[in-house]
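Look at the chain below from one end to the other.

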Amino acid sequence: MMYAGKYNQSLAYFQHAVDIRSTTLGPEHPETNASLTKIGMLQASNGDFHNALATFSQILRGRRRAHGYNHVEAAKALNNVACVDYECGGLVSAQKSLEEAIDILEKNAFSSPLDKASIDSSLIQVKNNMAFLLYKRGRFQESKQYYEQVAELQEKWNYPVEDFATTQGNIRFVEEDLDRSSPKQSSFASTSQKSKSNSTADVVTTTADQGSSITPISDRTAPVDVNTRLEEAFEFIAKNAALMKLTGCA
């Protein structure tokens with residue numbers, strides 16, 4: 001978190017950029033939107049969540065006017081709205097935004113196969129957020145299903161083992177609470193208790209440019225057998241506490 005003076009100075013700088021670009025390029029130009037996004041990210045990173053929510057809601061409206069109601073860019077904005085809404089305590093409204101974002105991304109993935117890699121990258125982020133949110137709401141079975149979908153997409157695009165391992169760790173944590181909430185206790189719950197005690201649940205990260213974690217096709221090695229991936233993942237989990245977190249989209 002920035003000191004008040006530094007925060008206000010940075011906020012004024014980005015607002016000046018928004019004003020200039022809005023006048024010269026138009027209020028819904030991508031560069032204007034990019035500057036406005038930086039304001040939202042700055043507000044969120046400084047804990048000014050209510051103003052960040054207003055900023056990201058404005059970005060959502062602008063992207064829908066510029067690109068269309070069900071565009072991928074609108075889905076990314078919905079994800080950011082959900083991240084900040086969660087921090088404001090709006091778990092139900094955050095879930096609705098994530099559901100809408102997932103629906104938009106999945107429809108675009110079907111209709112725009114050439115953009116499949118980019119859309120799947122966004123789906124991984126948004127579905128991971130949905131899984132975390134459902135976990136926080138005590139809906140463990142649904143949370144597990146979303147984490148499993150994330151793992152499938154990560155496996156499909158040969159994500160780094162660290163990312164795959166984090167998702168597998170989150171699945172194990174959810175399974176533990178799922179077993180604990182059921183009448184019968186699973187022997188697995190006791191073996192994973194220590195790992196869960198080291199996890200960090202309440203982390204929200206919003207970045208101006210998330211980028212893509214997908215290796216370019218020309219550089220990608222042949223897919224690794226899923227059992228090998230699982231062995232590597234659980235070896236990583238044994239050495240590192242898995243994180244559950246919400247992440248923003250650019």
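Helices (H or I, at least four residues) and strands (E, at least two) are DSSP runs, numbered from the N terminus. Read along the sequence, they give the pattern α-α-α-α-α-α-α-α-α-β-α-β, which comes to ten helices and two strands. The model is predicted: local features need pLDDT of at least 70, side-chain atom pairs count only at pLDDT 80 or more, and totals for chains, interfaces and linings use all residues. Residues are numbered from 1 along each chain as its sequence is written, and side-chain values use heavy atoms, with hydrogens and water left out.

Of the 250 residues in the chain, 43% are buried (under 20% relative accessible area, 1.4 Å probe, protein chains only). The chain exposes about 12,800 Å², with carbon and sulfur atoms supplying 53% of this area (Shrake-Rupley method, 1.4 Å probe). Among contacts (heavy atoms within 4.5 Å) with a separation of 6 or more, 67% join residues 24 or more positions apart.

The second largest pocket has a volume of about 310 Å³. Its lining holds 21 residues, and the closest to the pocket centre are Pro30, Thr32, Asn33, Ala34 and Ile59. A pocket is an open set of points on a 1 Å grid over the protein atoms alone, where a 1.4 Å probe fits, with protein on both sides within 12 Å along at least five of seven lines; lining residues have an atom within 4 Å of a point. The volume is the space filled by probe spheres set on the points, which are joined across faces, edges and corners.

Which elements give two or more residues to this lining? They are helix H2 (30–45) and helix H3 (49–67). The largest share, eight residues, comes from H3.

Key: Buried means under 20% relative accessible area, exposed over 50%, partly exposed in between (1.4 Å probe, protein chains only).
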